[in-house]
Amino acid sequence: MPADPKLKLVASTPAPQGGGGAPHEPSLYARREPVCPSKIDGRFRRFKWAVMAFCLAVYWGTPWLRWDRGPWAPHQAVLIDLAHRRFYMFGIEIWPHEFYFVAGLLIMAGIGLFLVTSAVGRAWCGYACPQTVWTDLFQHVDRLIDGDRNAQLALDRAPWTARKVTKRVAKWAIFLGISFATGGAWIFYFADAPTLQREFWTGTAPGVAYGCVAVLTFTTFWLGGFMREQVCVYMCPWPRIQSAMLDEKSLIVTYKDWRGEPRGSLKQAKRLPGAVGDCIDCKQCVAVCPTGIDIREGAQIGCITCGLCIDACDRVMGQVGRARGLIDYCTLDDAEHERQGGAAKPLIRAIFRPRTLVYLGLWGGIGLALLFMLGQRTRLDLSVARDRNPEFVQLSNGSVRNGFTVKLRNMEDRPRQVVLSLDGLPQGAIYSDEMDAAAARPALRFTVPADTTQRLRIYAVVPSGTAQERHFTFRLTAQAGPGEQPAQDAVKTEFSAPGDTD
Amino acid sequence: MADKRIDEPTGVETVGHEWDGIEELNTPLPRWWLWTFYATIVFAIGYVVVYPAIPGRHAATAGTLGWTSRGALDKDLKAADAARAQTRAAIAATPVEKLADNPQLLRAAIEGGAAAFKQNCVQCHGAGAAGSKGYPNLNDDDWLWGGDIATIHQTLEHGIRYPGDEQTRVSQMPAFGKDGILTAAQVQDVVSHVRVISGQDKPNASSTRGAQIFADNCSVCHGANGEGNRTVGAPRLNDKIWLYGGDRATLTQTVTYARQGVMPAWGQRLDPVTIKMLAAYVHSRGGGEALPPAAPAAPATAAVAQAR
């Protein structure tokens, strides 16, 4: 919480300790001071508009993008199909055993936050964080219904008249509408959006969909409509981590006190030229702050570096005919440099520095590795588990049989003809548990349905005394269509026979 | 005691304690935090009312919802049964010989049989169905009574030498030594012969004498060359597989005292669908044989007629 300047004034004078005055008992619990930011326009505000429009468009629009995957797979461009354990992202399909791609993306997202923090400070907090975006949206609704800052503050203090009740109900209804749209959009990432929407409105959607919408509607309503900056100050771990990540070369919103102090009105400036700084103490920077802090007290955890105070100050400086940038993005190092009288450095210098480049290298390296693996991965997979009980079966003519649980994984969105064969067991033959032993052959042909793992029990039979070489290989070959690369996978395993010591 | 003071940089009062120079600001908690705390208390009261919560001498309070962990399990089991009902009905409606015509149904039957096997059969036949001395290995291709799915089903349903089931598989090997049919020397000669036809020994004088005794006493059931006879459950003797053992001592004991394995008639204990699933599972273990061509003339009665 930002400190009250009045308290600060008290603190700077010698505190009257033990002076016999009435003991001041502070309350254990503090009511939230309402934050009612003024309307503002400026380059950061416009940038914030653009980011908000982009983020909301991506959030609400993505599930409705279509992507043709042929007759065997869903046609939603981005689909997290938890029920069938598949992730679809445009042309990429992720199976559960490939989840490391998702883990890699999450690691990239983590390092990306480090990278952004290192390059441009708390830009994530200021512009792109959902809490920021939705709080911003809800604050616009505040202004729409209740009017600008002063009207909002007055209404907040006003008794509960019919007018206030009407306004509150109207505002909360809009909040609820936005929250419902927010919570409602979430579920479309997990099922076919048009189908689920139809089911949702006809009451035939799964219960978990309604539960999900209810929970997310409530959290959006509560966190965006009422908790707002308290989420950043009290709940979110990221500001705490960031305060450890920021250094003297990080971009932060800086009040250039060497230029602004001592503060004085225009009248004072006229009366005593040279005695007052550029700050006219108009408190516009405080009025527009969406978290309700006073940036002139320096860097603080409540500052999400959204730059709206820069817009406000620039406008005032323009009106009073002074240079813009009394409040501006600046690093601690540059601030010290300017305090000593140096010229302002271009901000680009703060972005390209070793620490940022190291993060960029890590981030890009992981990204390239993921892309490389994505290009290398096969869409045909064979896994083999040897029977342990019994390890082998002695047959009446002296042959020995081993059992294997074999999984044929066809990860393409079409059925495929595959051939399972043996390498390294010259006289061996195989058959599956759906066949008779008499039908054993060196190679078997199966049709694996589209996007399916086919589990089979495979029996391999070898005539007596021929299993000298214990290691052999199961090979799975998919029949290649015209103009295709033949796909193959092989698994090396062992053959057990009587007399094996291990 | 406490030396409260105003902290200069923040303007907030300290709590007045100091630990090695570290002080704590007396920042008030946000009010909503308090409300959240009250909300948890309300939730806890609600929970205690609707769910079992307070332990008593014999049982906990029941809660107005009447929830019990046994009830939850029961519900889950019922749901699982309901989910399986359709498959079970389909298996019930399909003759066991026809299961293979529907690969999906056969797969379901095999999986169900594997589960039932673990519950009912592993005690004798082993977890991998590999059997042990006296209990046949169900993975191999050697069957006492037959290895096609219908015959396996018949064996499962009516058992072997199981009292109380009229259709149970019955046959009896004479105790040649104990009952004085053969002398001890003759038993040894027959054993020699059996070890020769099973490829374990080379022909010798004893086995030559034994061949004649075998032809007179054993070939009726076990066949002239020891190829066995499934209609009476007489094991094949000229292969590598032994139920009790193919060494001289074990064979001597077998010929002297005979063997009478017993298997329960599972038709008395398990429902018909489970028995079908067990048959499918045993048949799938690798040794399953094809159905004899044009044989569905009620194998049950045939087996009874041919069993002595």
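**Ground rules.** I read residue numbers from 1 along each chain as its sequence is written, with chains lettered from A and ligands numbered from 1 in the order in which they are written. As the model is predicted, local features need pLDDT of at least 70 and side-chain atom pairs count only at pLDDT 80 or more, while totals for chains, interfaces and linings use all residues.

**Helix pair.** I began with helix H7 (residues 162–186) and helix H9 (residues 207–227) of chain A, whose axes come within 7 Å and cross at roughly 135°. Helices here are DSSP runs of H or I with at least four residues, strands are E runs of at least two, and numbering starts at the N terminus. Axes are lines fitted to C-alpha atoms, for helices over the stretch in contact, and angles run from 0 to 180 degrees between N-to-C directions. H7(A) and H9(A) are therefore oblique to each other; under 35 degrees would be roughly parallel, over 145 roughly antiparallel, 65 to 115 roughly perpendicular, and the rest is oblique.

Next I looked up who touches whom, with contact meaning C-beta atoms, placed from the backbone, within 7 Å. H7(A) contributes residues including Phe175(A), Phe180(A) and Trp186(A), and H9(A) contributes residues including Val213(A), Leu216(A) and Phe221(A).

**Sheet.** I then traced an open sheet of four strands in chain A, in the order S12-S10-S14-S15 with antiparallel pairing. Two strands pair if DSSP finds at least two bridges between them. The edges are S12 (443–448) and S15 (487–494) of chain A, each pairing on one side only. I noted a twist averaging 20° from one strand to the next. S10 (residues 416–423) and S14 (residues 471–478) of chain A share six bridges, and Val419(A) stands opposite Thr477(A) in S14(A).

Most residues other than glycine have a negative phi, and most peptide bonds are trans. I found a cis bond joining Glu261(A) and Pro262(A), with omega about -15°; Pro262(A) sits in the loop between H12 (257–260) and H13 (266–271) of chain A. The bond from Asn389(A) to Pro390(A) is also cis, with omega near -5°.

I also checked positive phi values: Asp281(A) is near 55° and Arg161(B) is near 50°. Asp281(A) has 14 C-beta neighbours inside 10 Å and so counts as partly exposed (buried is 20 or more other C-beta atoms within 10 Å, exposed 12 or fewer, partly exposed in between, with C-beta atoms placed from the backbone). Arg161(B), with 17 such neighbours, is partly exposed.

Definitions and conventions: Two residues are in contact if their C-beta atoms, placed from the backbone, lie within 7 Å.
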